[in-house]
Amino acid sequence: MHEMAIAQGILDIVLNTAAQHGASRVGLVRLLVGEMTQVVPQSLEFGFSALAVGTIAQNANLEVIIVPVTGKCVCCTQQFNIRQNQFQCPDCQSFNIEIISGRELLVDALEVE
Ligand SMILES: [Zn+2]
């Protein structure tokens, strides 16, 4: 389980950003989590809530947005969603695929007061 370490990293970012803005409370934290990270949103939310106790982010609402895995065919430039690790172009059957999204793990938006 690497969610706890990830949650700690996210909390650090959130608290640093909030401090830079002189915030006294964190309202909403929106995260983009790529499917390829294999992060379990519930575990991430649990880890974040546990770690945030005693900080200004302890009542923050964590919103996790899952980003689907999107591939782009290097041969015919077709873009498509990758399901069940099928890294093959549906158009020309090439295996020469570039992953263009689905590896994200970042704070997309932050609401502070
Ligand atoms: Zn193709």
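Four cysteines hold the zinc ion here: Cys-73, Cys-76, Cys-89 and Cys-92 each coordinate the metal through SG, at 2.3 Å. Donors are N, O and S atoms within 2.8 Å of the metal (3.2 Å for Na, K and Ca), and since water is not among the atoms, sites may look incomplete. This is a predicted model, in which local features need pLDDT of at least 70 and side-chain atom pairs count only at pLDDT 80 or more, while totals for chains, interfaces and linings use all residues. Residues are numbered from 1 along each chain as its sequence is written, and side-chain values use heavy atoms, with hydrogens and water left out.

What makes the arrangement around the zinc ion tetrahedral? The 4 donor atoms subtend angles of 105 to 119°, and four donors count as tetrahedral if all angles lie between 85 and 135 degrees. For four tetrahedral donors, the ideal angle at a metal is 109.5 degrees. Along the sequence, the donor residues follow the spacing C-x2-C-x12-C-x2-C. Cys-73 sits in strand β3 (residues 70-73) and Cys-92 in the loop between β4 (79-81) and β5 (97-101), so this pair, 19 residues apart, links distant parts of the chain. Strands (E, at least two residues) and helices (H or I, at least four) are DSSP runs, numbered from the N terminus. Cys-73 is buried, at a relative accessible area of 1%, whereas Cys-92 is partly exposed, at 37%; buried means under 20%, exposed over 50%, and partly exposed in between (1.4 Å probe, protein chains only).

Beyond its neighbours within four places in sequence, Asn-96 is in contact (heavy atoms within 4.5 Å) with Lys-72, Cys-73, Val-74 and Cys-75. Asn-96 and Val-74 are 22 residues apart in sequence, with their C-alpha atoms 5.6 Å apart in space.

Elsewhere there is an open sheet of 3 strands, in the order β2-β1-β6 with mixed pairing; two strands pair if DSSP finds at least two bridges between them. Its edge strands, β2 (61-67) and β6 (105-112), each pair on one side only. Strand β1 (residues 26-34) pairs with β6 in the antiparallel sense over 7 bridges, and Val-33 has Leu-105 in β6 as its bridge partner. Helix α1 (residues 3-20) lies across β1 and β6, running at about 40° to β6. Helix α2 (residues 41-52) packs on the sheet too, touching β1 and β2, and its direction makes about 155° with that of β2. For these angles, axes are lines fitted to C-alpha atoms, for helices over the stretch in contact, and values run from 0 to 180 degrees between N-to-C directions.

Notes:
Tetrahedral: all angles 85-135°; square planar, octahedral: opposite > 155°, others 65-115°.
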